[in-house]
Amino acid sequence: MSSILQEIETEIAGLKTSVTKSNVGVVREIGDGVAKVEGLSDAMLNEMIEFPGGLFGLALNLEETEVGCVLLGSGENIKAGDEVKTTGRLLSVPVGKGLLGRVVNTLGEPLDGKGPVKADQFYPVEKLAPGIITRKSVSVPVQTGIMSIDAMIPIGRGQRELIIGDRATGKTTIAIDTIISQAKQNKAAEQGKLSGHKPIYCIYVSIGQKQSSVARTIKILEDAGAMEYTVIVNASASDSAVSQYLAPYAGCSIGEWFMDQGQDALIVFDDLSKQAVAYRQVSLVLKRPSGREAYPGDVFYLHSRLLERAARVNENYGGGSMTALPIVETQAGDVSAYIPTNVISITDGQIFLETDLFYQGIRPAISVGLSVSRVGSAAQTKAIKKVSGTTKLDLAQFRELQAFAQFGSDLDAATKQKLDRGARIVELFKQQQYQPKSLPIMVSSLYAMQKGYFDNVPVDRIRECQGKLEEYLTTRKEALMDKLGNEKTLDNVESDLKTALEDFKASWK
Amino acid sequence: MKISKDAVRASRLLLRACFDASGRLHTSRVKRVVKLVGEKKPRNYMAILHSFQRLVRLELEKRTAVIESVTDLSGEMRERLRVDLQKKYGEDLTLNYFINPSLIGGMRVKVGSHVWDGSVQAKLQALGESLA
Ligand SMILES: Nc1ncnc2c1ncn2[C@@H]1O[C@H](COP(=O)(O)OP(=O)(O)OP(=O)(O)O)[C@@H](O)[C@H]1O
Ligand SMILES: [Mg+2]
């Protein structure tokens, strides 16, 4: 009892002498979510400014006699003449394992009604990207579970791979599938499978989307059991433009915490076109000069400083990584517009989705010719590399020959064989949404294709046959699949796999 | 009133002319500037004057200390404050005293955008926030 009295006493004693020094200003003008504040001579760039009623603003424009603050909430109750003060803090978000499974806004406040967020630490939203000395080249794969991507456009941990395409071409779906695939692998690793697998934690940043779309995404992730490894940062279309502009940085800080702990993280920005639009709005109301397509001059820096934060750091710095999957929406497939070209030039490759393919039923609608991964096969497991080495070339040749074959009927045997193989690969790569495949299943299917096990299956029955094969392998050849998953190379399992495939083929009709 | 960039720039130049070499603002010069602009009527002269007025106000605020307390301060106390503050902000700082009972106790000093708050009200508020 006496200790608490003492504590109060020291508290009171502290209060007696303490004089708080602060820097204040007066709101001169308010509108469009921007307050012009006179005074605030000590304000720093990006500092949080406290408004009456617990509202915060961000000092974005520092001018000679006044400061332009964007409000991080609704400024209905703020009026000219209100006194505001500096806080000495930069905008920061809670980070830590406690965020997994949660849905938060740009400030890290919970949106899911599951009580307060348990944070280990606070990270500033704007952080400097890891430097050259701390980095390491990308060599460990992120298994997306989407066969066409893992076979032809492999993504490595720490890489930045852009997902680009017109509206409703399945961009979000690819990102969601990747997250579900990580959850599946993390779970398998917890059960002692997939030896040596390092878990990947996912952050999904949704920017300017409809609340209903976000709710759907959350539902899908929950149903797939992926939420426990995932953090969702949501700045929906009804949130302020500042929240939408800052959401990716907030998500990035949450991901960086995992990287700093030596763990692996994956972050999805869905999508950066909407973020650029939000930033343009903020810049225009701040009366900053505008350039091409009315975007401000620093819109390139907006994305480059964000994506540079994705990295793989070397062992001396913990060996963590953060992989970024930014999404950009194009108009009528135009990749040469301002924002798409910017982001393409910053990232390490892109997955290009095409409307035509999507409506031909080729889903995921990945355009093989235009999609690349600049890190490439350095980040591919041995097994996949072995069974998919020539797939991309085969498919590219197939598309070329296909155009020819429409005119001529007399084809030589070699061409015909290439066409047959190509048509079957296209079928093999069609994949249902939200059903990412495991590594051994992908390897087996690709192996079967490479060795010609599918050659006598009619093209329109390939998917059926593939489905049956997967079922056969998962239910009847579990040990073989586990072994393949552990070793990640075909060296010791090839003969067993061959027998399994032959057994299956004998029974299939 | 819309004040153009040119007008702001012009008013800033005019303000600069009102300072002497030691950085002191001269009321006589300010008066003369206003009078001259009013007579010569250059382009945008109304905007220039409005902007000039604002700059002068901000400048004066920087050189004025607003001291609030619950009761009237003693002469000795006022003297100590004057010496302290003028040492910090320069000889030309003027001190204005106000009575503000809502402070409950203590004192609040504001010079430009700097505030030193030693009032009971501020302490209670800080305590309330730390408990919330
Ligand atoms: N592999 C697939 N198989 C079947 N349907 C798919 C597949 N991928 C996507 N879809 C369907 O296509 C539609 C659009 O997908 P999605 O929302 O991922 O596209 P998007 O490019 O993110 O769209 P938006 O531009 O609206 O963000 C959805 O209804 C989705 O269910
Ligand atoms: Mg989408």
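Is Arg108(B) buried or exposed? At 15% relative accessibility, Arg108(B) counts as buried (under 20% relative accessible area; exposed is over 50% and partly exposed in between, with a 1.4 Å probe and protein chains only). Keep in mind that this is a predicted model, where local features need pLDDT of at least 70, side-chain atom pairs count only at pLDDT 80 or more, and totals for chains, interfaces and linings use all residues. Residues are numbered from 1 along each chain as its sequence is written, chains are lettered from A and ligands numbered from 1 in the order written, and side-chain values use heavy atoms, leaving out hydrogens and water.

**View 1. Arg108(B) pairs up with Glu68(B).** Their closest N and O atoms sit 3.3 Å apart in a salt bridge (a side-chain nitrogen of Lys or Arg within 4 Å of a carboxyl oxygen of Asp or Glu). The pair links distant parts of the chain, 40 residues apart: Arg108(B) is in strand 3 and Glu68(B) in strand 1 of chain B (strands are DSSP runs of E, at least two residues, numbered from the N terminus). Glu68(B) is buried too, at 18%.

**View 2. Asp117(B) also bridges to Arg108(B).** Here the closest N and O atoms are 3.4 Å apart. Asp117(B) is buried, with a relative accessible area of 10%.

**View 3. Lys171(A), Thr172(A) and Gln433(A) are among the residues closest to ligand 1.** A polar side-chain atom of Lys171(A) lies 2.7 Å from a ligand oxygen. For Thr172(A), a side-chain N or O atom is 2.6 Å from an oxygen of ligand 1.

Terms used:
A residue is near a molecule or strand if one of its heavy atoms lies within 4 Å of it. A polar contact is a pair of N or O atoms within 3.5 Å; within protein, one must be able to donate a hydrogen and the other to accept it, and residues adjacent in sequence count only if both atoms are side-chain atoms. Helices (H or I, at least four residues) and strands (E, at least two) are DSSP runs, numbered from the N terminus.
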